[in-house]
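Hi everyone, thanks for coming. Let me put the model up on the screen, and then we can walk through a sheet and some rings together.

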Amino acid sequence: LFFSVRDKRGGYVPGLTKDDVEVFEDGKKQETKFFSRESDLPLTIGLLVDVSGSQAALIEEERRASYRFFSQVLRKKDMAFIISFGVDSEELQDFTNSLPLLQKGLDSLKLNAGVSGYSPTGTTVPGGNRGTVLYESVWLAAKEKLRSEVGRKALVVITDGNDVGSRIKIEKAIEEAQRSDAIIYSILFEDPRFTSGFYGGMSGEGPMRRMAEETGGRVFRVDRKNSLSDIYSQIQEEMRTQYALGYTPSNPAKDGTFRRTELRVKNKDLKVQVRKGYYSDK
């Protein structure tokens, strides 16, 4: 389990030991076999960028801030890939450590909102109400890209959080992220002309928060106080201040069931951020 610990002010807490943390599975306390501060463990990052119609005015800022993020966070052993999504998903760059290749992938970010009809997130296409396939993109990135990778894995998703037309439900997207051991960092980046108009004031924060919290990540919102670059800096700091804890489950069954995990810090003033569980694959 990879996890972060923050204090009441939101600052990351360094210097914890295995004696400071207890781990439980399905309510039963487990014996910690491994504990480490894993700030330098290789990292695989998938960047998922919403390029639907509602994001048209935001793409250039997403491009610039994302390149700065990659240039600051990636180390020699780290890898990254880029997927854009609108009415469908498109891989813009496969696994690489090359900043020029990642820049080339970001340069190819473009509006993907269909070709006819009006909708802030694209146009309806035959075969279903396709608009912004957010959940499909998360499912695809976790299953096809991250499932076979080892080490720390994260999906950074930039979107207004509104899914219009995915054939994959949010539950399946979360399940695939959990099966892939991927942490989801959700960044809510909204053009208010669309979210307050077309969606009638609806916000995609609820689904994005759910995906983040179930996988041990966080949800952020770009606003007047927090720019996209500011949020990227917070994610970078978190990725470099994580702990890793390992245990052998007292329940040895390989039955495919979902096991609920819980980490408790003995200092009640501290907050643990960790995935909610895992699947015991058959």
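Let me start with one definition: a charge sits over a ring if NZ of Lys or CZ of Arg is within 6 Å of the ring centre and within 35 degrees of the ring normal. Here is one such case: Lys145 lies over the face of Phe95, 4.5 Å from the ring centre. Another is Arg179, whose charged end sits over the ring of Tyr279 at 4.0 Å from its centre.

Two housekeeping notes. This is a predicted model, where local features need pLDDT of at least 70 and side-chain atom pairs count only at pLDDT 80 or more, while totals for chains, interfaces and linings use all residues. Residues are numbered from 1 along each chain as its sequence is written, and side-chain values use heavy atoms, with hydrogens and water left out.

Back to Phe95, now with its ring partner. Rings of Phe, Tyr and Trp (its six-membered ring) pair if their centres lie within 6.5 Å; planes under 30 degrees apart are stacked, over 60 edge-to-face, and the rest tilted. How are the rings of Phe81 and Phe95 arranged? Their centres are 5.2 Å apart and their planes at 80°, so this pair is edge-to-face. Phe81 belongs to strand E6 (residues 79–85) and Phe95 to strand E7 (residues 89–96); helices (H or I, at least four residues) and strands (E, at least two) are DSSP runs, numbered from the N terminus.

Buried means under 20% relative accessible area, exposed over 50%, and partly exposed in between, with a 1.4 Å probe and protein chains only. Phe81, at 0%, is buried, whereas Phe95, at 24%, is partly exposed.

In total, the structure holds seven aromatic pairs. In one of them, Phe69 and Tyr232 have ring centres 4.4 Å apart and planes at 15°, so they are stacked. Phe69 lies in helix H1 (residues 59–73) and Tyr232 in helix H7 (residues 228–239), so the pair ties together parts 163 residues apart in sequence. Both residues are buried. There is also an aromatic cluster formed by Phe3, Phe35 and Tyr243.

Finally, the sheet. Four strands make an open, antiparallel sheet in the order E3-E2-E12-E14; two strands pair if DSSP finds at least two bridges between them. Strands E3 (28–30) and E14 (277–279) are at the edges with a single partner strand each, so one side of each has no neighbour in the sheet. Further in, E2 (residues 21–25) and E12 (residues 258–265) pair over five bridges, and Val23 stands opposite Leu263 in E12.
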